[in-house]
Amino acid sequence: NTVKCRPPQNRAPNPEESNTCIDLILLQEISIIKPKVICTLGATATKALLGPEVNISESRGKQFTVGESIIVPTYHPAYLLRNPSAKRFVWDDMQNILSIIEKK
């Protein structure tokens, strides 16, 4: 998650909330853990790491390098509940992540 607490009414976090948590916590967690791969689930998480101009539908299925980690965006589980046909895309993304991990 980009924030460490749930915003009211389960809404997407506003930019101030996201930026505060990203700067103070998330980026530090990533630098400590040094993950090989980060799979972002949905637009909010993807935009947090790749920038606000990134579109989840256009970025999923691709790899992005941020620092020492490879970012692999995919759809959020809630999106899959509304669009079951997208599960195939997420399956492909997970297979891609497995291949990245096996290569490193």
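Lys 34 is found in the loop between H1 and strand S1 (37-41), where helices (H or I, at least four residues) and strands (E, at least two) are DSSP runs numbered from the N terminus. The model is a predicted one, in which local features need pLDDT of at least 70 and side-chain atom pairs count only at pLDDT 80 or more, whereas totals for chains, interfaces and linings use all residues. Residues are numbered from 1 along each chain as its sequence is written, and side-chain values use heavy atoms, with hydrogens and water left out.

Although Lys 34 is not a glycine, its phi is positive, at about 55°. Most residues other than glycine have a negative phi. With 53% relative accessibility, Lys 34 counts as exposed, the classes being buried under 20% relative accessible area, exposed over 50% and partly exposed in between (1.4 Å probe, protein chains only). A positive phi, near 55°, is also computed for Asn 10, likewise a residue other than glycine. Asn 10 is placed in the segment before helix H1 (15-33), and its relative accessibility of 51% puts Asn 10 in the exposed class.

The protein has five helices and three strands, and from the N terminus on these elements follow the order α-β-α-α-β-β-α-α. The radius of gyration of the protein is 14 Å, close to the 13 Å given by the globule rule for 104 residues, so the protein is as compact as a globular protein of that length; the radius is taken over C-alpha atoms, and the rule is 2.2 Å times the number of residues to the power 0.38. Along the principal axes, the C-alpha atoms fill a box of roughly 35 × 35 × 20 Å. Of the 104 residues, 34% count as buried. Among contacts (heavy atoms within 4.5 Å) with a separation of 6 or more, 46% are accounted for by residues 24 or more positions apart.

As for the cysteines, a disulfide is taken as a pair of cysteine sulfur atoms within 2.5 Å, and by this rule the count comes to zero disulfides. The sulfur of Cys 5 lies 5.8 Å from the closest cysteine sulfur, that of Cys 21, which is too far for a bond. Cys 5 counts as exposed, because its relative accessibility is 57%, whereas Cys 21 counts as buried, because its relative accessibility is 14%.
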